[in-house]
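Dear colleague,

Please find the structure below, together with its sequence. My notes on it follow.

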Amino acid sequence: MMKKLLTTAFIMVLAAGTISAAEISNEAKLQYNRGVDFYRMGEYEEAVGAFQQAIAIDSNYIDAYYNLGVVYEQMDKDAEALNVFKQIMIRKPTDYEAVYNAASLSHRLGQINNAKQYLSIIPTTSPVITKAQQLAALMNTDIQTIKAEQQAKLEAQRPKIPQTSGSYGNLTSPTGVTTDKNGNVYVASFSNNSIIKITPLGERKIYVKSPKLNGPMGMVSDDAGNLYVANYNIDNVVKITPTGTITQVLGHVIKPYCLHLDNGLLFISSQGGNSVIRYKL
């Protein structure tokens, strides 16, 4: 379905856009409207040119991408249409109409694995889920099975820590250690106030070094890739996000030593308080 006409005087809420109508240049709107007019007259080549011009002017003009993909489909140029809908997915991964179109086009092109991968992205709460289920049925499966299969593939492809005995040497005053789901090992350096990251291939680097770390001891990680670190010297526990942001989780813990995480509960051994603290994250 073609997206509607957009005039400079009419501010349309873009259902799939990453930019508002007010942010689109008048020149891009003009080319967009020309494309819609050409499409209505059945002049598909001219419509393609106009939508491409609109995109050249505003590279995040999602509706122009969408209409370009629709025109390519009308011209039976499925490969070109698929590439256009991929561009939408790059700019707005939550545009599930575009994701569905990419899945449908992939299916028509015989790219069954790609079609399943796209379908696995669509949440069951999305308005396009009924169409997605119907497409899955054409492949003799269903969305639930596809999601489970894709998750299993991702798990199988994740880098893993070598399943052999060994050691990591040349570490300065190592204390706490933990791992993440991507096979990385994190080691706290007590005297350097830093966290070292060691990849499954053995490559290592300083993951974080900050004044907010002081005598790091115990560590634990969660499924989202956050690290929790016990700061022995300053009596607190901090959280380090995958982007490196450090925030205090809990203060006034006397000499925190070891950490354990279980189902949203963080357990902290307080060496100075002769106790173990249970904290709901």
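Which residue stands opposite Val238 in β8? The residue in that position is Gln248.

Before the details, a word on the basis of these notes. This is a predicted model, in which local features need pLDDT of at least 70 and side-chain atom pairs count only at pLDDT 80 or more, while totals for chains, interfaces and linings use all residues. Residues are numbered from 1 along each chain as its sequence is written, and side-chain values use heavy atoms, with hydrogens and water left out. Helices (H or I, at least four residues) and strands (E, at least two) are DSSP runs, numbered from the N terminus.

The strands around β7

Two strands count as paired if DSSP finds at least two bridges between them. β7 pairs in the antiparallel sense with β6 (residues 227–231) over 5 bridges, and Ala230 has Val237 of β7 as its bridge partner. The hairpin of β6 and β7 has 4 residues between the strands, and Asp235 there takes a positive phi near 55 degrees. β7 also pairs with β8 (residues 246–251), again in the antiparallel sense over 5 bridges. In that hairpin, 5 residues lie between the strands, and Gly244 has a positive phi near 95 degrees.

Helix α2

Helix α2 (residues 44–57) has 14 residues and reaches 20 Å from its first C-alpha to its last, close to the 20 Å expected at 1.5 Å a residue (1.5 Å times one less than the number of residues). Its buried residues are Ala47, Val48, Ala50, Phe51, Ala54 and Ile55. They lie on the same side of α2, because they cover an arc of only 170 degrees around the axis (taken from the directions from the helix axis to the C-beta atoms). Their cover includes α1 (26–40) and α3 (62–74).

The nonpolar cores

A nonpolar core is a set of buried Ala, Val, Leu, Ile, Met, Phe, Trp, Tyr and Cys residues joined through side-chain atoms within 4.5 Å. The largest has 46 residues, of which Phe85, Leu119 and Ile122 touch the most other members. α3 gives the most to this core, with 8 residues. A second, separate core of 12 residues includes Tyr186, Ala188, Tyr207 and Val229.

Yours sincerely

Methods:
Buried means under 20% relative accessible area, exposed over 50%, partly exposed in between (1.4 Å probe, protein chains only). Contact means heavy atoms within 4.5 Å.
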